[in-house]
Amino acid sequence: MRIQELHDIQAAAGATFAELTTKEIVPVSFGNDAEAIAATKKGVALYDRTHWGRIQISDSDRLRFLHNQSTNNFNILKPGQGCDTVFVTSTARTIDLATAYATEDAVLLLVSANRRRQLLELLDRYIFPMDRVELTDLTDTTVTFSFLGPETSQLLEKIGVTELENQPYATHKLINFAGMEVRGAVGSGLATPGYTLIAPASDAASLWHELVKAGAVPMGDRVWEQLRIEQGRPVPDFELTDDYNPLEARLLHTITYDKGCYIGQETIARLNTYKGVKQQLWGVQLSGAVEPGTAVTIGEEKVGKLTSFTETESGFFGLAYIRTKAGGEGLKVQVGSVSGEVVNVPFLSS
């Protein structure tokens, strides 16, 4: 019911909703897409990420356990720190890009909506009888909001929060905001500077109301999708699939090469050691609209595949995996019937 209260105030502000394949209801647009995009560049935009999954891993073996399950180094995390990490198959194929927040007694994972159940099952499968690890799905009892743009620190100051300013990515702490206890973290989920808040579902409507009152412009899922494609954030079922590994997805900031054994580690180490990355994810500036899945060609030769597409205020844009030997930034390509130029995108490691 508390989430319904949130949806009610969002609807009153002009939100239209859609149901995801995972059955979550999300605000697609607030009827202000151009204003929301402008806010990400000049002010503060507010995005409801409640449909994303939140998985808590607790008990004394939690860091060692996660260290063995994904690409980043969990053993060095102290309470209040966090990181991005990739969950992969035994052959290093990508499952999901997640953000982890280490607290005094648990790790909270923020995962993609369409990978929550798969990751819960995967993690549960690797808990052995002697492991002191407990999994809890917090998705239905919590909410997540991200706000992004150049004025986000000023908005935090306005609501009395200064502890997170100028801190490293994924630094987080419990903050008191308008009588609500909220976990605030550095990072918006995109390359645009910002912060992410995780709070009890019972505070959802009040928290959203207070953030909008403080000057944040509500932003729907349609704008988020445009921004994540423009900025190059890969997502499951498009860029993160059984066809690709984290090196090809250029998620280098999520990989610790000297951390020891973990699922998929042998493949990733071999690819890195022998420079075996045969394709990489890039942005593509396009001359027209084209469907994801369309082949990328140079002359008669197929050199890649378009994985995502969006139309922006400055034209058409996509993400594509391009064969390493074909080239990178500045490469002129054909995508179906339209021409394109390969460009770098800010979310991905160069």
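**Loops, sheets and helices**

Tutor: Asparagine 166 has a relative accessibility of 74% and therefore counts as exposed. Please bear in mind throughout that this is a predicted model.

Student: Where is the place of asparagine 166?

Tutor: Asparagine 166 sits in the loop that runs between H5 and S10.

Student: And what is its phi? I mean that of asparagine 166.

Tutor: The phi of asparagine 166 is near 65 degrees, a positive value in a residue other than glycine. As background, most residues other than glycine have a negative phi.

Student: What about aspartate 59: which loop is it in?

Tutor: Aspartate 59 belongs to the loop between S4 and H3. Its phi is near 85 degrees, again a positive value in a residue other than glycine. With a relative accessibility of 37%, aspartate 59 counts as partly exposed.

Student: Which residues of helix H3 are buried?

Tutor: In helix H3, which covers residues 62-69, the buried residues are Arg62, Phe65, Leu66, His67 and Gln69.

Student: Let us change topic. What is the strand order in the open sheet of 6 strands?

Tutor: The order is S10-S11-S12-S9-S3-S13, and the pairing is mixed. Strand S10 (172-177) and strand S13 (217-219) are at the edges with a single partner strand each, so one side of each has no neighbour in the sheet. From one strand to the next, the twist averages 30 degrees.

Student: In which sense do S3 and S9 pair?

Tutor: Strand S3 (residues 45-48) and strand S9 (residues 142-148) pair in the antiparallel sense, over 4 bridges. Within that pairing, alanine 45 is opposite leucine 148 of S9.

Student: How many residues does the largest nonpolar core have?

Tutor: The largest nonpolar core has 28 residues, and those with the most contacts inside it are Phe145, Phe147, Leu155, Ile159, Leu207 and Leu211. At least two residues of this core come from each of S9, helix H5 (152-158), S10, strand S11 (180-186), strand S12 (194-200) and helix H6 (204-213). H6 provides the largest share, 4 residues. In general terms, nonpolar side chains tend to be buried together in soluble globular proteins.

Student: Take isoleucine 159. What is it in contact with, leaving aside its neighbours within four places in sequence?

Tutor: On that basis, isoleucine 159 is in contact with Phe177, Leu211 and Ala214.

Student: Is serine 153 buried or exposed?

Tutor: Serine 153 has 17% relative accessibility, so it counts as buried. This serine 153 is a residue of helix H5. Apart from neighbours within four places in sequence, serine 153 is in contact with Glu165 and Tyr195.

Student: Now the helix pair. At what angle do the axes of H2 and H7 cross?

Tutor: Helix H2 (residues 33-42) and helix H7 (residues 221-231) have axes that cross at roughly 50 degrees and come within 10 Å. The two helices H2 and H7 are therefore oblique to each other. The crossing in which H2 passes H7 is right-handed.

Student: Which residues make the contact?

Tutor: On H2 they are Asp33, Ala36, Ile37 and Thr40, and on H7 they are Arg222, Val223, Gln226 and Leu227. As a general point, an α-helix has 3.6 residues a turn, so residues three or four places apart point the same way.

Student: And strand S17: how many bridges join S16 to it?

Tutor: Strand S16 (residues 301-312) is joined to S17 by 8 bridges, and the two run antiparallel. A hairpin connects S16 to S17 through 2 residues, and threonine 312 is opposite glycine 315 in S17. Strand S14 (residues 279-286) also pairs with S17 (residues 315-323) in the antiparallel sense, over 8 bridges. There, glutamine 285 has phenylalanine 317 of S17 as its bridge partner.

Student: Last topic: how far apart in space are threonine 91 and threonine 267?

Tutor: Their C-alpha atoms are 6.1 Å apart, although the two residues are 176 residues apart in sequence. Threonine 91 is in the loop between S5 and strand S6 (94-102). At 46% relative accessibility, threonine 91 counts as partly exposed.

How values were computed:
Residues numbered from 1 in each chain as written. Predicted model: local features only at pLDDT ≥ 70, side-chain atom pairs only at ≥ 80, totals over all residues. Heavy atoms only, no water. Pairing = 2+ DSSP bridges. Axes fitted to C-alpha atoms, helices over the stretch in contact; angles between N-to-C directions. Buried < 20%, exposed > 50% of the residue type's maximum accessible area, 1.4 Å probe, protein only. Core = buried A, V, L, I, M, F, W, Y, C linked by side-chain atoms within 4.5 Å. Contact = heavy atoms within 4.5 Å. Parallel < 35°, antiparallel > 145°, perpendicular 65-115°, else oblique. Left-handed = near helix turned anticlockwise from the far one by under 90°.
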